[in-house]
Amino acid sequence: MSYANARDIFPNEILEIIQNYVEGEYIYIPKKEENKIAWGELTNSKNELLKRNTSIYEDHLKGMCTQSLSEKYYLSPKTIQRIILEKRKCHNIKCAT
């Protein structure tokens, strides 16, 4: 997220109205609902994490211990345990991830 000077964006009339409510502060203007996108939609990050987590779970099922998985995937043992638990729950309810 970047910041912009309101003087460079708004006409003076609108800037004066905004200054009636706030001045000299940073404000966040949220996106319209129809313009919102989910995390990872613009990049392949979401798919890459899904593939990585699936690989971790498959390696776990093949018998790799948490410590070995932690070293292989450069993640903490707690993170590995969390991923395995999530995948196990997901497989028990037959979800797509």
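Is Tyr74 buried or exposed? Tyr74 is exposed, because its relative accessible area is 76% (exposed means over 50%, buried under 20% and partly exposed in between, with a 1.4 Å probe and protein chains only). Before we go on, a word on the model: it is predicted, so local features need pLDDT of at least 70 and side-chain atom pairs count only at pLDDT 80 or more, while totals for chains, interfaces and linings use all residues. Residues are numbered from 1 along each chain as its sequence is written, and side-chain values use heavy atoms, with hydrogens and water left out.

**Tyr74 and its loop**

Tyr74 sits in the loop between H4 and H5. Helices here are DSSP runs (H or I, at least four residues; strands are E, at least two), numbered from the N terminus. Tyr74 has a phi near 55°, a positive value in a residue other than glycine. For background, most residues other than glycine have a negative phi.

Two packed helices are described by the angle between their axes and the distance between the axes. Axes are lines fitted to C-alpha atoms, for helices over the stretch in contact, and angles run from 0 to 180 degrees between N-to-C directions.

| Helix pair | Axes come within | Crossing angle |
|---|---|---|
| H4 (residues 66–73) and H5 (residues 77–92) | 9 Å | roughly 105° |
| H3 (residues 45–61) and H5 | 9 Å | roughly 90° |

H4 and H5 are therefore roughly perpendicular to each other (65 to 115 degrees; under 35 counts as roughly parallel, over 145 as roughly antiparallel and the rest as oblique). On the H4 side, the contact (heavy atoms within 4.5 Å) is made by Thr66, Gln67, Leu69 and Ser70, and on the H5 side by Pro77, Ile80, Gln81 and Ile84. Sorted by class, the contact of H4 with H5 holds four nonpolar, four polar and no charged residues. In this sorting, Ala, Val, Leu, Ile, Met, Phe, Trp, Tyr, Cys and Pro count as nonpolar, Asp, Glu, Lys and Arg as charged, and the others, Gly among them, as polar.

H3 is likewise roughly perpendicular to H5. Residues of H3 including Leu50, Asn53, Ile56 and Tyr57 meet residues of H5, among them Ile80, Ile83, Ile84 and Lys87. The contact of H3 with H5 divides into six nonpolar, four polar and three charged residues.

Asn53 is worth a look within helix H3. Asn53 counts as buried, at 14% relative accessibility. Leaving aside residues up to four places away in sequence, Asn53 touches Ile83 and Lys87.

**The largest pocket**

What is the volume of the largest pocket? The volume is about 650 Å³. A pocket is an open set of points on a 1 Å grid over the protein atoms alone, where a 1.4 Å probe fits, with protein on both sides within 12 Å along at least five of seven lines; lining residues have an atom within 4 Å of a point. The volume is the space filled by probe spheres set on the points, which are joined across faces, edges and corners.

The lining of the largest pocket has 20 residues, and Ala4, Asn5, Ala6, Glu25 and Ile27 lie nearest its centre. Helix H1 (6–9) and helix H2 (12–19) each supply at least two residues of this lining. By class, the lining has 13 nonpolar, four polar and three charged residues.

Ile27 belongs to the loop between H2 and H3 and is partly exposed, with a relative accessible area of 48%. Ile27 and Met64 are 49 Å apart in space, C-alpha to C-alpha, and 37 residues apart in sequence.
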